[in-house]
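Please look over the sequence and the model shown below before reading on. The paragraphs that follow lead from one group of side chains to the helices and then to the chain as a whole.

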Amino acid sequence: MMNNEATTLKLLNGAMNIAAEQGWNQMSIVEAARQTDIPIHIARQQFPCKSSLLLYLNRLADESTLEQSYIGQPVADYLFDLFMSRFDFFQEYRKGFISALHTLPFNPALAIIMGIATQNSMKWIAESAHIKTHGIKGIACIKGLTGIWALNMRVWIKDDTADLSQTMASLDQTIKKAGKFAPYFVIKNEDSTSENPSEDQDEPFISEKNK
């Protein structure tokens, strides 16, 4: 007998497969439940609506990404690794996820929900790098990271390379450009300096290898 998490993941995979084959608008959670032999009332418990399915997918992406710990490396390198980790995760659900993204311009409610979820993901990423996310500068930092993610998501959607080289190149350039403004918006938590003595508030955002 599958546990709750396994059932949820099986239903997610079934739904995303249908979305990949038939498009997000044609996908229904009820049909996904039928194809995965999951009772419909259980599917209703797991995913009350299709947007909850995308939120769950986004949460899994966060959990997968945040397995990488910040160990005092240049922030730009850490952000690059985490962003690429998120792209790698979504690659597994590529066709279905892209199909869902294409509906956002025509579904304002879902666009708002995913926008909030993405900003929350960026907050988790920033705080994992010991970056302050409160106050005006913290909010500006989150918006900046969200912008970097959104800009490169457009590249990822069109990237048909096996190794996502186009996405990596674009992300590298975007982070490099954003790094020029980082001193105005990126503030490290004070306790991070004690954990990593080699770093301080004047640490360059861009590492030498990214210059």
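Which residues form one aromatic cluster? The cluster is made up of F83, F87, F89, F90, Y93, F97, W149 and W156. Since this is a predicted model, local features need pLDDT of at least 70 and side-chain atom pairs count only at pLDDT 80 or more, whereas totals for chains, interfaces and linings use all residues. Residues are numbered from 1 along each chain as its sequence is written, and side-chain values use heavy atoms, with hydrogens and water left out.

A pair of aromatic rings is described by the distance of the centres and the angle of the planes. Rings of Phe, Tyr and Trp (for Trp, the six-membered ring) pair if their centres lie within 6.5 Å, and the pair counts as stacked with planes under 30 degrees apart, as edge-to-face over 60, and as tilted for the rest. By this rule there are 10 aromatic pairs. One of them joins F89 and F90 in an edge-to-face arrangement, with 5.7 Å from centre to centre and 75 degrees between the planes. F89 also pairs with Y93, here in a tilted arrangement at 5.6 Å centre to centre and 45 degrees between the planes. With buried meaning under 20% relative accessible area (1.4 Å probe, protein chains only), F89 is buried at 13%, F90 is buried at 2%, and Y93 is buried at 8%.

R86 lies over the face of W149, at 4.5 Å from the ring centre, while the charged end of R94 sits over the ring of W156, 4.8 Å from its centre.

R86 also belongs to a helix pairing, in which Y78, L79, L82, F83 and R86 of α5 meet S121, M122, I125 and S128 of α7, a contact being heavy atoms within 4.5 Å. Helix α5 (residues 75-91) and helix α7 (residues 108-128) pack at an angle of about 145 degrees, with their axes 10 Å apart; the axes are lines fitted to C-alpha atoms over the stretch in contact, and angles run from 0 to 180 degrees between N-to-C directions.

These two helices belong to a chain with 11 helices and 0 strands, helices being DSSP runs (H or I) of at least four residues and strands runs (E) of at least two. Buried residues make up 47% of the 211 residues in the chain. Among contacts between residues at least 6 apart in sequence, 71% join residues at least 24 apart.

How values were computed. Buried means under 20% relative accessible area, exposed over 50%, partly exposed in between (1.4 Å probe, protein chains only). A charge sits over a ring if NZ of Lys or CZ of Arg is within 6 Å of the ring centre and within 35 degrees of the ring normal.
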